[in-house]
Amino acid sequence: MEADTTYEFRWDVEVPGTERRYGQKFMKQWKRVLQAQKMALVSSKLSPREARFQLCVADGIQPPEVSACEAEVADALSHLRWEAGASQSHIHSDAADRRASGFQGVRVWMTFARQDVESVLAKKLKI
């Protein structure tokens with residue numbers, strides 16, 4: 001049972017809805033968030049099992065724009081080192097959260113094998 005235990009992490013990545021290359025901006029901002037948090041999860045040795053994300057967009061963003069942004073984020077996430085190999089089936093999107101003001105960007109949840117996370121974090125503590 002312990003081999004199947006996972007950890008799920010969530011990141012809120014700010015990306016204005018006006019970005020032309022939404023997926024690229026998302027990945028750049030996400031890497032900055034991870035580095036600022038000094039997360040060992042930046043390590044290429046750690047492979048996610050699954051990911052899901054939710055766009056948080058302004059009320060005025062039209063559905064085709066939301067769909068395009070979702071596709072770019074899914075594509076960006078598909079390039080990570082996946083435990084079971086690269087596959088869009090490991091990436092899910094929740095319905096966009098629309099609001100007049102406040103946070104705009106992407107909420108990302110990723111699931112990792114418990115053993116992998118604990119191994120990476122233990123190595124990080126030794127440094």
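**Exercise 1. Describe the fold of the chain in terms of its helices and strands.**

Solution. The chain has three helices and five strands. Here helices (H or I, at least four residues) and strands (E, at least two) are DSSP runs, numbered from the N terminus. In sequence order, these elements follow the pattern β-α-β-α-β-β-β-α.

The model is predicted: local features need pLDDT of at least 70, side-chain atom pairs count only at pLDDT 80 or more, and totals for chains, interfaces and linings use all residues. Residues are numbered from 1 along each chain as its sequence is written, and side-chain values use heavy atoms, with hydrogens and water left out.

**Exercise 2. State how helix 1 and helix 2 are placed relative to each other.**

Solution. Step one: locate the helices. Helix 1 covers residues 22–36 and helix 2 covers residues 63–78.

Step two: take the axes, which are lines fitted to C-alpha atoms, for helices over the stretch in contact; angles run from 0 to 180 degrees between N-to-C directions. The two axes come within 8 Å and cross at roughly 50°.

Step three: classify the angle. Under 35 degrees counts as roughly parallel, over 145 as roughly antiparallel, 65 to 115 as roughly perpendicular and the rest as oblique. Helix 1 and helix 2 are therefore oblique to each other.

**Exercise 3. Which residues of helix 1 and helix 2 meet, and how do they divide by type?**

Solution. Step one: apply the contact criterion, heavy atoms within 4.5 Å. From helix 1, Tyr22, Gly23, Phe26, Met27 and Trp30 take part, and they meet Cys69, Glu72, Val73, Ala76 and Leu77 of helix 2.

Step two: sort the residues of this contact. Eight are nonpolar, one is polar and one is charged. For this sorting, Ala, Val, Leu, Ile, Met, Phe, Trp, Tyr, Cys and Pro count as nonpolar, Asp, Glu, Lys and Arg as charged, and the others, Gly among them, as polar.

**Exercise 4. Is Arg20 buried or exposed? Is Gly102 buried or exposed?**

Solution. Step one: note the cut-offs. Buried means under 20% relative accessible area, exposed over 50%, partly exposed in between (1.4 Å probe, protein chains only).

Step two: take Arg20, in the loop between strand 1 (6–14) and helix 1. Its relative accessible area is 69%, so Arg20 is exposed. Arg20 and Cys69 are 49 residues apart along the chain, and their C-alpha atoms are separated by 9.3 Å.

Step three: take Gly102, in the loop between strand 4 (97–99) and strand 5 (105–113). With a relative accessible area of 58%, Gly102 is exposed.
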